[in-house]
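Student: I am new to this structure. Please take one part, look at it closely, and then connect it to the rest.

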Amino acid sequence: MNDAIRAALTQGGLIDLTTTGRRTGEPRRVEIVFHAIDGRIVISGMPRREKRAWLANIEADPRVTIHLKRDVVADLPGAARVVTDEAERRALLVHVARTWGRDDVEVMVRHSPLIEVVLDDRAVA
């Protein structure tokens, strides 16, 4: 991985995320924000009771691709893990809430999608 990609991954920002459709098996791409938290790649969303399609797709198949698309363009394969542990969710969502200027962390803990993406070795080499 070159220095520009490494730097982009430490800043967070707008990306595209490709998942595999749980019913079709076809690639599904969505624009979303990622957060760089303590060296981790974290993706969340606004609180909502309904499950997002991208989250359901990840539950069925954790393979994803992060597409950097701003100053640095790169397609980075990896695996997503749905964060379900309440304490871990709270610790991560405090950072997300601060970034978004929100003060409803407990609502986010209950109703926001939350994943961590670990890039494949070949993406970080």
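Tutor: Arg90 lies in helix H3. Helices here are DSSP runs of H or I with at least four residues, strands are runs of E with at least two, and both are numbered from the N terminus. This is a predicted model, in which local features need pLDDT of at least 70, side-chain atom pairs count only at pLDDT 80 or more, and totals for chains, interfaces and linings use all residues. Residues are numbered from 1 along each chain as its sequence is written, and side-chain values use heavy atoms, leaving out hydrogens and water.

Arg90 has a relative accessible area of 26%, so it is partly exposed. Buried means under 20% relative accessible area, exposed means over 50%, and partly exposed is in between (1.4 Å probe, protein chains only).

Next, the neighbours. Leaving aside residues up to four places away in sequence, Arg90 touches Val105, Glu106 and Val109. A contact means heavy atoms within 4.5 Å. Take Val105: it is 15 residues from Arg90 along the chain, and their C-alpha atoms are separated by 7.1 Å.

Now take Glu106. Its side chain forms a salt bridge with Arg90, with the closest N and O atoms 2.7 Å apart. Glu106 belongs to helix H4 (residues 105-111) and Arg90 to helix H3 (residues 86-100), so the pair ties together parts 16 residues apart in sequence. A salt bridge is a side-chain nitrogen of Lys or Arg within 4 Å of a carboxyl oxygen of Asp or Glu. Glu106 has 37% relative accessibility, so it too counts as partly exposed.

Step back to the other charged pairs. The structure holds 14 salt bridges. One of them joins the side chains of Glu116 and Arg40, at 3.0 Å from N to O. Glu116 is buried, at 13% relative accessible area. Arg40 is partly exposed, at 24%.

Another salt bridge pairs Arg48 with Glu50, where the closest N and O atoms are 3.7 Å apart. Arg48 is partly exposed at 40% relative accessibility. Glu50 is exposed at 51%. There is also a network of salt bridges, which links Asp16, Arg29, Glu31 and Lys69.

The mean positions of its 20 positive and 19 negative charges are 5 Å apart. Lys and Arg count as positive, Asp and Glu as negative, while His and the chain ends are not counted. Each charge is placed at NZ of Lys, CZ of Arg, CG of Asp or CD of Glu.

Last, the setting of helix H3. The chain has five helices and six strands. Along the sequence, the pattern is α-β-β-β-α-β-β-α-α-β-α. The radius of gyration is 14 Å, close to the 14 Å that the globule rule gives for 125 residues, so the chain is as compact as a globular protein of that length. That radius is taken over C-alpha atoms, and the rule is 2.2 Å times the number of residues to the power 0.38. Of the 125 residues, 43% count as buried. Among contacts between residues at least 6 apart in sequence, 63% join residues at least 24 apart.
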